[in-house]
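Student: Could we take a close look at one part of this protein together? I'd like to hear about the salt bridges.

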Amino acid sequence: MQTLALRLDPGDDLRAALAAALRASGHAAGFVLQGIGSLSVAQLRYAGQPQPDTLRGDLEILTLAGSLSADGAHLHMSVSDAQGRVLGGHVCAGCVVRTTAELLLALLPGQRFTRELDPRTGYPELKIS
């Protein structure tokens, strides 16, 4: 395992930046071990819901974890708002960094992650090779 520390800047899209970091690393498999920082917009899809909810305002990233592959990421995040309320779910495109995001990735040389539709779940699920 190799590690890669990242700092994202204001205005960066969280998912897009993670996908770009994996591509730039030359690896085909990785995990987000942890992430903290802040967002101005969060797009979270809650369990069992078909579409994400949009959260706006001063949001703190409390946790961020998930897998990264060339054909997609599977990320979960919890955020708190300015009143300390916490929400969490599946990270969708459109999560915008407010001040910073500090991330630690684990890159897995010799591994390849792909996503294939699993008829049992109806979702593209992780395939490890």
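Student: Which residues are linked in a network of salt bridges?

Tutor: Good place to start, and keep in mind that what you're looking at is a predicted model. The network links Asp58, Glu60 and Arg98. In the whole structure, a search turns up six salt bridges, so let's go through some other pairs too, using the cut-offs that under 20% relative accessible area is buried and over 50% is exposed.

Take Arg7 and Asp9. These two form a salt bridge, and their closest N and O atoms are 3.0 Å apart. Arg7 counts as exposed because its relative accessibility is 51%, just past the 50% cut-off. Asp9, at 38%, is partly exposed.

Now find Asp81 and Arg85. Their side chains meet in a salt bridge too, with 2.8 Å from N to O. Arg85 is exposed, with a relative accessible area of 53%. Asp81 has 22%, so this residue lands in the partly exposed class.

Next, look at Asp118 and Arg120, whose side chains meet in a salt bridge at 2.8 Å, N to O. Arg120 is exposed, with a relative accessible area of 75%. Asp118 is buried, because its relative accessible area is 12%, and anything under 20% goes in that class.

Let's step back and see what these pairs belong to. Counting charged side chains, the protein chain has 11 positive and 12 negative ones. The centres of those two sets lie 4 Å apart.

Among contacts with a separation of 6 or more, 63% are between residues 24 or more positions apart.

What about the overall dimensions? The C-alpha atoms fill a box of roughly 45 × 35 × 20 Å along the principal axes. The radius of gyration is 14 Å, which agrees with the value near 14 Å for a compact globule of 129 residues.

Of the 129 residues, 40% are buried, and Asp118 is one of the buried residues. The accessible surface comes to about 6900 Å², and carbon and sulfur atoms hold 55% of that area.

Terms used. Residues are numbered from 1 along each chain as its sequence is written. This is a predicted model: local features need pLDDT of at least 70, side-chain atom pairs count only at pLDDT 80 or more; totals for chains, interfaces and linings use all residues. Side-chain values use heavy atoms; hydrogens and water are left out. The radius of gyration is taken over C-alpha atoms; the globule rule is 2.2 Å times the number of residues to the power 0.38. Buried means under 20% relative accessible area, exposed over 50%, partly exposed in between (1.4 Å probe, protein chains only). Contact means heavy atoms within 4.5 Å. Accessible areas come from the Shrake-Rupley method with a 1.4 Å probe; for residues, only the protein chains shown count as cover. Lys and Arg count as positive and Asp and Glu as negative; His and the chain ends are not counted. The place of a charge is taken as NZ of Lys, CZ of Arg, CG of Asp or CD of Glu. A salt bridge is a side-chain nitrogen of Lys or Arg within 4 Å of a carboxyl oxygen of Asp or Glu.
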